[in-house]
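Please look over the sequence and the model below before reading on. The briefing is meant to be read beside them, with the named positions located as they come up.

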Amino acid sequence: MTSSIPFSFFWEFIMTTNTLTQLNRQSDLQPVDEQISAAFAERLLNILNSGALASMLSIGHRTGLLDTMATLGASTSKQIAEAAGLNERYVREWLGAMVTGRIVEYDSTRKTYILPAENAAFLTRSASPNNLATTMQFIPLVGAVEDAIVDCFYHGGGVPYSAYNRFHEVMAEDSAQTAVAALESYILPAAPGLKEQLLRGITVADIGCGRGCALLALASLFPNSHFVGYDLSNETIDWANTEVQRLGLGNISFYAQDAAQIAKRDRYDLIFTFDAVHDQAQPDVVLQNIYRALKPEGLYLMQDIRSSVHLEKNIDLPAAPLLYTISCNHCTAVSLAAGGPGLGAMWGEELAVDMLKAAGFTHIEVKQLEHDFQNNYYLIRK
């Protein structure tokens with residue numbers, strides 16, 4: 001019974017005009033517009049529903065329910081559960097969220113459910129790189145560290161990488177859609193002549209490579225080039241090296257290495273960072289190390305979040321609330337935990353360019369690519 005009290009109060013608040021009239025009488029600062037207040041209260045309920053659906057879509061992705069339903073016709077909850085190899089009672093409750101969330105269609109006469117093809121086109125692994133169910137995983141991922149983040153609000157400090165279960169797994173899935181899938185068609189062509197260089201054979205590094213999915217793809221595509229990946233996490237490097245053995249690649253190596261400790265000089269023709277600079281403990285040192293490690297005629301290609309240092313310029317960005325949320329709960333927190341500046345994911349193009357110049361780079365071109373509304377691609381040379 002107690003769990004229904006907040007929603008009962010919520011609806012009573014919306015529907016009772018006396019509540020807003022009373023607010024008007026009590027407000028000393030400004031009058032309350034009843035229609036605006038009622039619309040905002042309704043919006044809050046929509047936010048609650050959307051947040052709940054994000055969590056359930058994450059479960060649907062992880063359990064394979066969305067993929068399974070995309071291959072089935074109209075089916076009962078028992079048939080869906082059996083096809084997915086899952087417990088029917090949980091599947092049935094999950095389906096309740098999907099139906100009331102207008103994601104799955106329900107035939108009450110036959111007691112059957114179906115995932116429309118139009119919806120499946122954005123919710124299944126076969127729909128990649130358009131599978132938004134992958135991105136839904138970030139909501140429960142950052143929610144799992146909420147207690148630690150709340151403590152940071154009171155006492156400062158941060159939350160270390162080790163506190164984020166599944167972070168590298170989710171990031172690998174996400175980057176497979178945004179970076180790996182777009183490498184050959186969009187990202188490499190952004191730098192004229194780069195594909196030809198890779199075909200002939202050059203040395204390439206990925207700083208903060210995570211599980212190394214981008215480099216693994218490139219090593220397969222360009223056997224004459226040699227690739228090196230660096231990441232702070234031993235776990236991700238172990239995973240990447242296992243993949244190297246499984247794929248039988250002889251032109252790629254991975255090392256567990258703090259990017260602030262990389263001491264190479266004039267070593268690489270091409271260096272990548274994919275959303276890796278803004279959460280570093282020493283981003284300025286990392287950029288200086290990249291400058292030194294790059295050959296005089298080399299290229300540094302940096303993918304990072306498209307944003308501005310000026311908040312007002314970010315208001316209309318399509319995913320701004322999501323990006324600020326992830327930044328607050330992860331990017332800023334992991335940097336501060338390591339004694340860093342906490343740049344955050346929304347550090348902004350202006351600051352990025354200033355820091356690149358401070359590291360010594362003189363030629364900086366910022367591009368937006370057709371496939372990606374969320375990131376900038378910086379083509380950087382000495």
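What follows is a short briefing on the sheet, the backbone and the cysteines.

This is a predicted model, in which local features need pLDDT of at least 70 and side-chain atom pairs count only at pLDDT 80 or more, while totals for chains, interfaces and linings use all residues. Residues are numbered from 1 along each chain as its sequence is written, and side-chain values use heavy atoms, with hydrogens and water left out.

**Sheet**

- Seven strands make up an open sheet of mixed pairing, in the order β5-β4-β3-β6-β7-β9-β8, where strands (E, at least two residues) and helices (H or I, at least four) are DSSP runs numbered from the N terminus, and two strands pair if DSSP finds at least two bridges between them.
- The edge strands, each of which pairs on one side only, are β5 (252–256) and β8 (363–367).
- From one strand to the next, the twist averages 15 degrees, with axes taken as lines fitted to C-alpha atoms and angles running from 0 to 180 degrees between N-to-C directions.
- Within this sheet, β3 (residues 203–207) and β4 (residues 226–231) pair in the parallel sense over five bridges, and D206 has G229 in β4 as its bridge partner.
- Strands of a sheet pair through backbone hydrogen bonds, either parallel or antiparallel.

**Backbone geometry**

- The peptide bond from S128 to P129 is cis, with omega near 15 degrees, and P129 lies in the loop between α7 (117–120) and α8 (132–136).
- R102, a residue other than glycine, has a positive phi near 60 degrees and is placed in the loop between α6 (88–100) and β1 (105–107).
- R102 counts as exposed because its relative accessibility is 68%, given that exposed means over 50% relative accessible area, buried means under 20% and partly exposed lies in between (1.4 Å probe, protein chains only).
- K111 also is not a glycine and has a positive phi of about 60 degrees; K111 sits in the loop between β1 and β2 (112–114) and is partly exposed, with a relative accessible area of 48%.

**Cysteines**

- The structure holds zero disulfides, a disulfide being a pair of cysteine sulfur atoms within 2.5 Å.
- C213 is in no disulfide, and the nearest cysteine sulfur, that of C209, is 9.3 Å away.
- C328 is likewise in no disulfide, the nearest cysteine sulfur being that of C152 at 9.0 Å, and C328 counts as partly exposed at 32% relative accessibility.
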